[in-house]
Amino acid sequence: MNLTSSLLSRVLQSGTCTREELLALRREPLEELCRAANAIRKHFCGNVFDLCTIINGRSGRCSENCKYCAQSAHYSTAVEEYPLLSDEALLAGARYNENKGILRYSIVTSGKRLTDADVEQLCASYRNISAQCGISLCASHGLLSKKHCEQLKAAGVTRYHNNLETSRRNFPNICTTHTYDDKIQTIKWAMEAGLEVCSGGIMGLGETWEDRIDMYMDIASLGIKSVPVNFLTPIPGTPYADMTPLGEEEQLRIVALVRFIMPDGFVRIAAGRNTMRDHGRKIFMSGANAAISGDMLTTSGVTIREDLAMLAELGYEVRMK
């Protein structure tokens, strides 16, 4: 029995893989690796697929120096800048996505963290959406305090998003204005407040395979079940403007390994999918079972209509509640 078959058998029996085994697994034949990851997905998750959308609730002038981000005030990019959107604009976005059949709607804001006034304004918007829509609410507002997490929960938010982005080792190469541990602390506070958590990373930042595996193993150890995989879209004006995007084979291998690490989670394909020739079709048969649909924060995405049609062809049942 080869390594892929051996680890597949173990995972299907609720076993886990070591870091060394995962590093070896990434070198296995691609087709077999993807087929095994898809078998794990089917075994633990069936054909259920989770679609969510995001809205850029406040854009630009972020104090943080994340090297990949168009919204950082440290770089000169063409990103649009505006303050927190109104209740009416955020509600309109929620209604639009609910009517399209989307399960979850996330408001994302630029900036390191929210002020008390920001939290009050956003909580009013979340309460307004909760009162008028049935769509589930996710929030992504940087490094929050436990009190702010509790306020979001009380306002109707059910999930908090906070990507680790890369491994603990690699994080200082990506950002120096906050730390990996700052992110871990926010995740723990969100969980203590009763929120589910969505956390993943960006692939293609110059990280090693060890970095990728370490980050997703850290996420798994926290008990997180919604796990985004973003692929870097180089943005002009950022330090990573000239990075070479990852090729299809490497993308597929990454997603397959994440499924081995997260057998029963929602492996969510996010940024970068619009640049794939097939918009993610192969990836959705290689272990992934969730996606962000529509536009990303500062780049265009794949339309909801296109996604629903493709997922139906692949035999998925898109979650509506």
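## Aspartate 181 and its partner

In this predicted model, aspartate 181 counts as partly exposed, with a relative accessibility of 44%. Its partner in a salt bridge is arginine 168, and the closest N and O atoms of the two are 2.9 Å apart. Arginine 168 lies in the loop between β4 and α7, whereas aspartate 181 belongs to helix α8 (residues 180–192), so the pair ties together parts that are 13 residues apart in sequence.

## Two further salt bridges

A search of the whole structure finds 19 salt bridges, and one of them joins arginine 159 to glutamate 196, with 2.8 Å between the closest N and O atoms. This pair links distant parts of the chain, since arginine 159 sits in strand β4 and glutamate 196 in strand β5 (residues 196–198), 37 residues apart. Arginine 159 is buried, at a relative accessible area of 8%, while glutamate 196 is partly exposed, at 40%.

The side chains of lysine 225 and aspartate 264 also meet in a salt bridge, at 2.9 Å from N to O.

## Serine 167

Serine 167 is found in the loop between β4 (159–161) and α7 (171–174), and it counts as buried because its relative accessibility is 2%, under the 20% limit. A polar atom of the serine 167 side chain lies 3.0 Å from the backbone nitrogen of asparagine 170. Leaving aside residues up to four places away in sequence, serine 167 touches Tyr180, Asp211, Asp214 and Met215.

## The second largest cavity

The second largest cavity has a volume of about 50 Å³, and α9 (209–221) and α10 (248–261) each supply at least two residues of its lining. By class, that lining has seven nonpolar residues, no polar ones and one charged residue.

Terms used
Residues numbered from 1 in each chain as written. Predicted model: local features only at pLDDT ≥ 70, side-chain atom pairs only at ≥ 80, totals over all residues. Heavy atoms only, no water. Helix = DSSP H or I, 4+ residues; strand = E, 2+ residues; numbered from the N terminus. Buried < 20%, exposed > 50% of the residue type's maximum accessible area, 1.4 Å probe, protein only. Polar contact = N/O pair within 3.5 Å; in protein donor to acceptor, adjacent residues only side chain to side chain. Contact = heavy atoms within 4.5 Å. 1 Å grid on protein atoms, 1.4 Å probe; cavity = no way out; pocket = protein on both sides within 12 Å on 5 of 7 lines; lining within 4 Å. Points joined across faces, edges and corners; volume = space filled by probe spheres on them. Nonpolar A, V, L, I, M, F, W, Y, C, P; charged D, E, K, R; others polar. Salt bridge = Lys/Arg side-chain N within 4 Å of Asp/Glu carboxyl O.
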